[in-house]
Amino acid sequence: MTDAPAKERSEAAGARNAVRPASVLVLAVLVLLLGCSLLFAAAFGAVQLRADDLLRMTVNHLLGPRFEPTWRPQDEAIFFSIRLPRVAGAATVGAALASAGVLFQGLLRNPLADPYALGVSGGAALGGALGFLLSVSFSFVGFSPVPVLAFGGGLAAMSLVYGLARSGGRAPTVTLLLAGFAVSAIMGYAVSFLLIMNDRLQINLPRVYGWLLGGISVTQWSQLAVALAMVGPAILGGWLLRHSLDALSLGEESAQQLGIAVESDKRLIIVLGSVLTGAAVALGGLIGFVGLFAPHVTRVVVGPRHGLLLPAAALVGAAFLVLADLLARALLPPTEIPVGILTAFVGGPFFLWLLRRERREYRL
Amino acid sequence: MLLFSRRQIALSALATFALLLPTGVPVASAQPSGAAFPLSITDDDGVTSTFAAAPQRVVSLNPGLTEITFALGAGHRLVAVDTFSDYPPEASTIQPRLATYPGPSVETIVGLKPDVVLSLAERTDDLAQIRRQGIPVLKLFPRDFDAAVQTIGTLGRLYGTPDAAQAIVADMLARRDAVTAAVADAPRPRVLEELDASEPDKPFVAGPNGFYGQLIDLAGGTNIFDDLPGDVGQVGAEAIVERDPEIIILTDADLPFNPQTPEMVAARPGWDGITAVQSGAIYAVQASLYSSPGPRLIDGLEALARLLHPDRFPAPAAAQTVHGRVRALTARGVPRGADRTPPRGLPR
């Protein structure tokens with residue numbers, strides 16, 4: 001155990017080498033896994049559509065009418081306008097949450113850190129609750145008031161936490177964690193207070209509660225475009241910071257000695273994590289567990305180096321949430337189940353099993 | 001007469017029977033009201049309370065029970081209501097107004113020294129605590145139209161105004177029967193009743209039970225979500241498009257949060273193929289007529305029946321020229337207040 005840091009340090013130094021073939025293989029397998037789960041999720045849903053119809057429908061959609069429709073007109077609307085945006089949304093949210101989890105776990109060196117660790121959950125819940133309270137309906141590039149305000153609330157809370165934790169040009173990890181916890185708790189209880197005090201919200205209590213449990217809600221491709229424009233570059237940005245993340249896992253002083261600009265890289269990581277979490281909240285509300293456990297599951301399999309961990313965790317998170325959302329849509333049709341319940345019920349036991357199976361000590 | 005389905009006959013019979021059933025005290029209007037006391041009433045929790053005289057100080061914890069109290073001419077006896085009681089308009093001036101979530105203030109209620117507390121769904125513990133102070137509590141939780149009608153009868157006996165109750169009950173049942181008779185042989189359109197669409201791709205909708213679902217049934221519609229397990233459920237847009245409603249009813253048009261308009265519903269992605277969207281049969285209605293267990297349920301039923309079956313309920317002016325049965329309906333007030341254009345932009 002004692003020489004492990006030394007070994008890792010030499011690995012961190014050597015990580016600037018080219019990507020290894022093994023990594024390419026792992027990523028290829030995970031891309032395949034995500035592809036399969038996307039196909040699976042597109043093929044099933046609350047409404048049963050025949051697989052061959054779906055294929056012909058898609059060919060017609062892409063290449064112009066080649067086949068006589070053997071399906072009802074509404075089947076095309078169900079598939080192209082309702083199911084596909086939802087599946088794509090689940091993949092985007094899953095990738096965003098898992099990447100944000102990797103970033104925050106690496107930054108905070110804390111296995112319990114998740115995308116909501118820096119106050120986002122409380123801020124987003126408060127913003128979302130205010131969205132339920134608003135007397136207006138508006139649409140912002142396809143988003144209704146609840147996701148827009150949840151996004152704003154989450155980012156505002158995260159900025160507040162960073163601002164509070166910063167002193168003398170530094171934002172110590174422990175202070176960040178504690179400030180995040182306190183801000184999240186204050187805002188979370190502010191939501192409870194709102195729910196109790198406001199007559200309008202009382203009527204809507206089950207709805208607000210359901211929203212707080214999380215659920216992918218994508219009604220327009222424009223929403224997806226906006227989210228992807230945030231998530232894609234943010235994951236890439238995180239990957240470019242992989243050496244800093246590897247170095248930070250040794251502690252901030254060691255990272256400094258390795259020549260990492262610790263404070264500015266930390267700030268960058270927080271910004272990227274915020275963008276990822278904000279995009280996820282806008283599309284899916286507060287979906288728990290994915291951002292916590294997808295990085296861990298991936299780390300058990302591919303190891304702790306961020307160059308591979310980050311893209312691999314993004315793929316695992318995307319595949320997992322696509323399947324969880326499929327269950328949310330199709331388990332009890334026509335009823336929708338909040339996907340947060342399923343991520344915990346399905347992901348939790350799997351993670352515990354993996355943790356038990358792994359005999360050696362598990363570390364970040 | 002084949003215009004009635006067996007089920008409707010059974011329902012009417014049940015309602016009439018149920019009115020007479022609970023205490024054995026007949027609701028017959030001939031009986032002088034003073035002779036009814038002492039009066040024992042068993043509430044929907046199975047708790048029996050005995051009243052020596054008609055209560056003069058009443059606390060109502062539900063807008064429906066408040067509404068019934070006013071309809072029975074006993075509004076002046078209310079010494080406190082819940083924060084949602086805003087109909088009739090006089091109800092909104094009553095002080096104090098008690099918040100009912102997470103629970104009513106037992107201290108405040110006991111301090112008011114009421115003769116009775118009317119509750120719909122408060123916690124058993126809170127109600128037991130009030131009862132221990134010697135204050136009778138009636139938990140009246142009607143879950144469908146007939147139970148709401150029965151509750152009006154019960155409160156009529158409680159207030160010593162059985163004649164007023166009988167008049168309302170008879171009116172509601174007669175108008176209900178008129179609606180079911182008018183739509184009995186009409187084709188039953190597929191209906192989606194949307195209750196909340198804060199997430200427009202998975203709205204909350206009316207299930208088979210409760211007032212929402214039952215009124216669709218009575219108004220001669222087929223609820224496309226009559227397979228949900230409860231009164232209300234959250235469903236995916238896939239299932240809505242699949243089940244292709246012919247009529248969409250929006251009770252979330254006058255909500256204070258995320259109110260929906262027919263235009264917004266029509267613009268939802270993938271909904272353009274739905275029959276109701278193509279024919280423009282998306283109607284905003286006044287939510288309180290469909291959710292509050294009170295005398296206005298019948299107004300909701302009539303308005304809904306007119307939207308589902310406009311041909312069966314001609315506008316009042318046209319009613320002069322059609323045959324006797326429909327004219328009789330008109331005289332009873334079936335078309336009252338409702339016309340074929342959906343009420344949009346309701347005041348909040």
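Colleague: Into which domains is chain B divided?
Modeller: The model discussed here is predicted. In chain B, the domain assignment separates two stretches of the sequence. They are domain 1 (6-171) and domain 2 (186-331).

Colleague: How many residues does each domain of chain B give to the contact between them?
Modeller: Both domains of chain B contribute to this contact. Domain 2 of chain B supplies twelve residues, and domain 1 of chain B supplies 14 residues.

Colleague: Which helix gives the most to the side of domain 1 of chain B that touches domain 2 of chain B?
Modeller: Helix H2 (63-71) and helix H5 (145-158) of chain B each provide at least two residues of that side. By class, the side has nine nonpolar, two polar and three charged residues. The helix that gives the most, with five residues, is H2(B).

Colleague: Which element supplies the largest share of the side of chain B that touches chain A?
Modeller: The contact takes 35 residues from chain A and 32 residues from chain B. On the chain B side, strand E11 (232-234) and helix H8 (237-243) are the elements that give two or more residues. The largest share, five residues, comes from H8(B).

Colleague: What is the make-up by class of the side of chain B that touches chain A?
Modeller: Chain B gives 32 residues to the contact with chain A. Sorted by class, that side of chain B has 16 nonpolar, eight polar and eight charged residues.

Colleague: Which strands stand at the edges of the open sheet of five strands in chain B?
Modeller: The strands of this sheet follow the order E5-E4-E3-E6-E7, with parallel pairing. Each edge strand has a single partner strand, so one side of each is left without a neighbour in the sheet. The edge strands are E5 (97-98) and E7 (137-139) of chain B.

Colleague: At about what angle to E7(B) does helix H4 of chain B run?
Modeller: Strand E6 (residues 116-119) of chain B pairs with E7(B) in the parallel sense over three bridges, and B:Leu118 has B:Leu138 in E7(B) as its bridge partner. Helix H4 (residues 124-132) of chain B lies across E6 and E7 of chain B. Its angle to E7(B) is about 155°.

Colleague: Which residues of strand E12 of chain B point one way, and which the other way?
Modeller: Strand E12 spans residues 247-250 of chain B, and the four residues named here are all buried. B:Ile247 and B:Ile249 point one way, and the other way point B:Ile248 and B:Leu250.

Colleague: What is the bridge partner of B:Leu250 in E13(B)?
Modeller: Strand E8 (residues 190-196) of chain B is joined to E12(B) by four bridges and runs parallel to it, with B:Val191 opposite B:Ile247. E12(B) also pairs with strand E13 (residues 282-284) of chain B, in the parallel sense over three bridges. In E13(B), the partner of B:Leu250 is B:Ala284.

Colleague: Is A:Phe138 buried or exposed?
Modeller: A:Phe138 sits in the loop between helix H5 (120-133) and helix H6 (145-165) of chain A. Because a residue with 12 or fewer other C-beta atoms within 10 Å counts as exposed, the 10 such atoms around A:Phe138 decide the matter. A:Phe138 is exposed.

Conventions: Residues are numbered from 1 along each chain as its sequence is written. Chains are lettered from A and ligands numbered from 1 in the order in which they are written. This is a predicted model: local features need pLDDT of at least 70, side-chain atom pairs count only at pLDDT 80 or more; totals for chains, interfaces and linings use all residues. Two residues are in contact if their C-beta atoms, placed from the backbone, lie within 7 Å. Ala, Val, Leu, Ile, Met, Phe, Trp, Tyr, Cys and Pro count as nonpolar, Asp, Glu, Lys and Arg as charged, and the others, Gly among them, as polar. Two strands pair if DSSP finds at least two bridges between them. Axes are lines fitted to C-alpha atoms, for helices over the stretch in contact, and angles run from 0 to 180 degrees between N-to-C directions. Domain bounds come from an automatic or database domain assignment. A residue is buried if 20 or more other C-beta atoms lie within 10 Å of its own, exposed if 12 or fewer, and partly exposed in between; C-beta atoms are placed from the backbone.
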